Amino acid sequence: MKAFVMKRIGEVGFMDKPVPEPGPNDALIRPTKGLVCTSDIHTVHGAIGERKDLTLGHEAVGIVEKVGELVKDFKPGDRVAVGAITPDWGSLEAQAGHSSQSGGPLGGWQFANVRDGTFAEYFIVNEADANMAHIPEGVSDEVAVYTADMMSTGFMAAENAQIPSGGTVAIFAQGPVGLMATAAARLLGAGLIIAVESVPARQELSKKYGADVVVDFTKGDVVEQIMELTNGEGVDAAIDALGDTKVLADCVRVAKPGAKISNAGYYGKGEYVSIPREEWGVGMAEKDIVTGLCPGGRLRMERMLRLLENGRIDPTPMTTHTFDFDELEEAFRLMETKEDGIIKPLIVF
Ligand code: ZN
């Protein structure tokens, strides 16, 4: 079969691999649609170290081709959504309620990390009964594919922020995760949603997903703008959807005492993250920083799919580009340069 791989740090391309054989609890999936993620680009640039001929990709939906003998709820021909995070549910971390960290920090992230990813003609899902979900009839593949990562991660960011009904939230960065956090904040009952973004197309989408105000950080100090919008009080919750130490510091600055600061961003640079000591209430103002990796699991996927099935949210305006599987190299290039207003490129198999 054909697979799109990371040949070594900084180099991608296609290669032939044997079709993998599912283990007793696994499923073999033939992907139909996929999405390229900015984290695929980080991986190629060495974020998780050297990988040789590792198949890339972790956001996919497809058709079940084959299942292991212990798989109960899926059969060949089923149309399924697969979580980007596929935990080992028997791990102690999963038993403790932290399934994304199964086996150690970020251990639930297996695709294109410790096992081949989804950008191939076939791929394996570990613990299939727990890590994938049936796609409801009225939900198309190009919509369902957003449940793998962008929706689950964005919604997690808003859930972890514990925004009170009618409360105020600031969401920094309106990439796909930030946009889904905005949509989630709206659905969860936020009373004032302040998004931070400078790119006009993303500002527009942000409003479509529920932002009441979009603050442009290139047009004045972000903290001042947010404080002004909240009568000097600050917000009940602040979300970092970028992964940047300046953004985290600003989240702390705009947070009210007792606020949750929720991070869904990837901190790929530097040795330390700094927190402004005084605005953090010298460590005593109950400004809690909550972190998380995309939650995986069938139950989670089913919830995300229900939102789609009943029209609560439409993620497809984020699909700015479409590429065939054999054009993945170009999709990766665009995702890296962020040219042409790209947000999410859909891959058609
Ligand atoms: Zn992703």
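## Helices, a zinc site and an aromatic cluster

The buried residues of helix H9 pack against strand E9, helix H8 (222-229), strand E12, strand E13 (255-263) and strand E14 (288-291). Here, contact means heavy atoms within 4.5 Å, and buried means under 20% relative accessible area, with exposed over 50% and partly exposed in between (1.4 Å probe, protein chains only). Helices (H or I, at least four residues) and strands (E, at least two) are DSSP runs, numbered from the N terminus.

The model is predicted: local features need pLDDT of at least 70 and side-chain atom pairs count only at pLDDT 80 or more, while totals for chains, interfaces and linings use all residues. Residues are numbered from 1 along each chain as its sequence is written, and side-chain values use heavy atoms, with hydrogens and water left out.

**Helix H9**

- Helix H9 (residues 245-254) has 7 of its 10 residues buried, so the rest of the structure largely encloses it.
- Those buried residues are Val247, Leu248, Ala249, Asp250, Cys251, Val252 and Val254.

**Helix H6**

- Helix H6 is mostly covered, with 10 of its 12 residues buried.
- The buried stretch is made up of Pro176, Val177, Gly178, Leu179, Met180, Ala181, Thr182, Ala183, Ala184 and Ala185.
- Their packing partners are helix H5 (150-160), strand E9 (168-172), strand E10 (192-196), helix H7 (200-208), strand E12 (235-240) and strand E16 (344-348).
- Just after H6, Gly189 takes a positive phi of about 100°.

**The zinc site**

- Four residues coordinate the zinc ion at 1.9 to 2.3 Å: Cys37 (SG), His58 (NE2), Glu59 (OE) and Asp149 (OD).
- Cys37 sits in the loop between strand E3 (27-35) and helix H1 (38-44), and His58 in the loop between strand E4 (54-55) and strand E5 (59-67); the pair is 21 residues apart and links distant parts of the chain.
- Donors are N, O and S atoms within 2.8 Å of the metal (3.2 Å for Na, K and Ca); water is not among the atoms, so sites may look incomplete.
- The 4 donor atoms subtend angles of 95 to 128° around the zinc ion, which makes the arrangement tetrahedral.
- Along the chain, the donors follow the spacing C-x20-H-E-x89-D.
- Both Cys37 and His58 are buried.

**Aromatic residues**

- Searching the whole structure turns up 6 aromatic pairs. Rings of Phe, Tyr and Trp (its six-membered ring) pair if their centres lie within 6.5 Å; planes under 30 degrees apart count as stacked, over 60 as edge-to-face and the rest as tilted.
- Phe119 and Phe332 have ring centres 6.1 Å apart and planes at 75°, so the pair is edge-to-face.
- Phe119 is in the loop between H2 and E7, and Phe332 is in helix H11 (residues 328-337), so the pair ties together parts that are 213 residues apart in sequence.
- Phe119 and Phe332 are both buried.
- One aromatic cluster is formed by Phe4, Phe14, Phe119, Phe325, Phe332 and Phe349.
- Lys2 lies over the face of Phe14, 4.8 Å from the ring centre. A charge sits over a ring if NZ of Lys or CZ of Arg is within 6 Å of the ring centre and within 35 degrees of the ring normal.

- Thr55, in strand E4, counts as buried at 1% relative accessibility.
- Leaving aside neighbours within four places in sequence, Thr55 has contacts that include Phe4, Lys17, Asp116 and Phe119.
- Arg115 lies in the loop between helix H2 (92-95) and strand E7 (123-125), and is partly exposed, with a relative accessible area of 24%.
- With neighbours within four places again set aside, Arg115 is in contact with Leu54, Gln110, Ile124 and Asn126.

- Most residues other than glycine have a negative phi.
- Ala173 has a positive phi of about 85°; it lies in the loop between E9 and H6 and counts as buried at 14% relative accessibility.
- Asn231 also has a positive phi, near 55°; this residue is in the loop between H8 and E12 and counts as exposed at 70% relative accessibility.

Technical notes
Four donors count as tetrahedral if all angles lie between 85 and 135 degrees; four count as square planar and six as octahedral if opposite donors are over 155 degrees apart and all others between 65 and 115; anything else is irregular.
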